[in-house]
Amino acid sequence: MSYQQTWKERAGPERGMEGQELPYVLIDSIGGKHGVFEDHVEFLKKHFQLSTMKEYLENKKFLSEKIRAIYMWYHKPVINEGLLQSLPNLKIVASSGVGIDHLDLKLLSSYGVKVSNTPFAVSTDTADFGMTLMLASSRRLVEGYQMAISPNREYFPADWLGAEVSGATLGIVGMGTIGYKVAERAKAFEMKILYHNRNQRNKEEESAVGAIFCKKIDDLLQQSDFVLLSVSLTPQTHKLIGKRELELMKPTATLINISRGLVVDQDALVEALQNKVIKAAALDVTHPEPLPRDHPLLKMKNVIITPHMASATKKTRRLMMENMTESIEAGLRGLPIPNEVLL
Ligand SMILES: O=C(O)[C@H](O)CO
């Protein structure tokens with residue numbers, strides 16, 4: 001049976017190993033730019049009866065009662081109160097990735113719906129990408145590439161001087177799973193590692209990577225050559241880095257953001273870069289995404305912007321899918337949910 005067949009076209013209810021009807025799970029769509037990857041569908045169909053949003057809307061009467069989980073792939077489908085009201089048997093939303101700022105946890109909880117995410121699946125790739133941005137920015141990779149492919153190629157030894165990463169000081173704001181993996185990598189680059197967590201100092205992890213805890217974020221900002229943001233977006237971290245914080249940074253420092261665009265006051269960042277308050281920025285995330293075509297950040301030579309791609313590898317996407325499947329299955333069986341997001 002191909003995934004293109006809808007639930008309606010199938011001969012009868014799908015049954016799992018235990019002979020029970022496979023649970024109905026709502027997904028946004030399959031394939032295309034936003035849909036669940038086509039090569040994941042075969043795996044998912046062994047566990048669930050997938051219903052796309054289109055199918056759901058066309059067959060609401062039948063599916064409303066049936067759907068017990070939402071497989072939220074890259075923030076889709078959008079979950080609002082209307083959708084929650086129309087799914088009385090919804091038990092769990094499995095969200096891909098680590099960030100959960102696109103979900104209203106209180107609202108979901110008020111409907112008795114549990115939530116899971118996939119923090120461990122994304123951490124290695126996202127940390128690798130944090131290092132990629134740091135190296136690319138400090139060694140002017142994009143500028144160098146553009147010159148190397150331009151019609152007027154002239155190579156002079158005085159050009160392209162960058163800043164060293166090895167031996168420099170890295171300040172990690174938010175040393176959770178991803179931040180810690182960045183620290184592990186930075187250790188191999190013989191960097192001095194500072195970190196700041198708002199709530200929790202982790203002595204075991206800090207000694208494993210030789211990181212120094214900064215109780216005050218200001219100390220980290222003042223001392224770091226590279227400030228890397230790997231915090232979750234919450235009301236407390238919204239615009240955590242604003243004019244004041246940027247002014248505390250060294251004029252030679254680079255800001256790297258692999259968390260969420262809204263953690264930085266973007267107007268203040270533009271101003272800081274224009275006025276040489278800091279040297280450079282490397283951003284995998286912005287607000288909005290993508291930025292409008294005429295946005296000043298897109299025109300600055302000392303800024304690298306990538307399209308929110310830090311966790312984008314095939315292996316990670318596959319792992320995310322497997323983690324989401326496990327969470328849904330556990331949630332529907334009333335077992336402890338792996339990677340449950342607690343309110
Ligand atoms: O949160 C994450 O895992 C990534 O940013 C993708 O949304």
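Start with the lining of the second largest cavity: its residues divide into 4 nonpolar, 3 polar and no charged. Here Ala, Val, Leu, Ile, Met, Phe, Trp, Tyr, Cys and Pro count as nonpolar, Asp, Glu, Lys and Arg as charged, and the others, Gly among them, as polar. To display this lining, select Asn257, Gly261, Val264, Gln266, Leu269, Leu283 and Val285. The space in the second largest cavity is about 30 Å³, and the search of the whole structure finds 2 cavities of 30 Å³ or more.

The terms are set on a 1 Å grid over the protein atoms alone: a cavity is a set of points where a 1.4 Å probe fits but cannot get out, a pocket is an open set with protein on both sides within 12 Å along at least five of seven lines, and lining residues have an atom within 4 Å of a point. Grid points are joined across faces, edges and corners, and a volume is the space filled by probe spheres set on the points.

This is a predicted model, in which local features need pLDDT of at least 70 and side-chain atom pairs count only at pLDDT 80 or more, while totals for chains, interfaces and linings use all residues. Residues are numbered from 1 along each chain as its sequence is written, and side-chain values use heavy atoms, with hydrogens and water left out.

**The second largest pocket**

Next, select Glu143, Met300, Lys301, Asn302 and Val303, which lie nearest the centre of the second largest pocket among its 25 lining residues. Its volume is about 490 Å³. Helix 6, helix 7 (141-148) and strand 12 (303-305) each supply at least two residues of this lining; helices (H or I, at least four residues) and strands (E, at least two) are DSSP runs, numbered from the N terminus. Helix 7 gives the most, with 5 residues. By class, the lining of the second largest pocket has 14 nonpolar, 6 polar and 5 charged residues.

**Helix 6 against helix 13**

Now show helix 6 (residues 119-138) with helix 13 (residues 314-333): their axes come within 8 Å and cross at roughly 165°. Axes are lines fitted to C-alpha atoms, for helices over the stretch in contact, and angles run from 0 to 180 degrees between N-to-C directions. Helix 6 and helix 13 are therefore roughly antiparallel, on a scale where angles under 35 degrees count as roughly parallel, over 145 as roughly antiparallel, 65 to 115 as roughly perpendicular and the rest as oblique. The crossing of helix 6 past helix 13 is left-handed; a crossing has that hand if the near helix is turned anticlockwise from the far one by less than a right angle, and is right-handed if clockwise. Select Ala121, Val122 and Asp125 of helix 6 and Thr316, Leu319, Met320 and Asn323 of helix 13 to see the contact, where contact means heavy atoms within 4.5 Å. These residues divide into 4 nonpolar, 2 polar and 1 charged.

**Helix 1 against helix 13**

Asp39, His40, Phe43, Leu44 and His47 of helix 1 make the contact with Arg317, Arg318, Met321, Glu322, Thr325 and Glu329 of helix 13. By class, this contact has 3 nonpolar, 3 polar and 5 charged residues.

**Helix 6 against helix 8**

In helix 6, select Phe120, Val122, Ser123, Thr124, Thr126, Ala127, Asp128 and Met131, which meet Thr177, Ile178, Lys181, Val182, Arg185 and Ala186 in helix 8. The contact residues divide into 7 nonpolar, 4 polar and 3 charged.

**Backbone stops**

Most residues other than glycine have a negative phi, and most peptide bonds are trans. Go to the loop between strand 3 and helix 4, where histidine 75 is placed; histidine 75 has a positive phi of about 70°. Lysine 76 and proline 77 are joined by a cis peptide bond, with omega about 0°. Finally, select histidine 287 and proline 288, whose peptide bond is cis with omega near 0°; proline 288 is in the loop between strand 11 (280-283) and strand 12.
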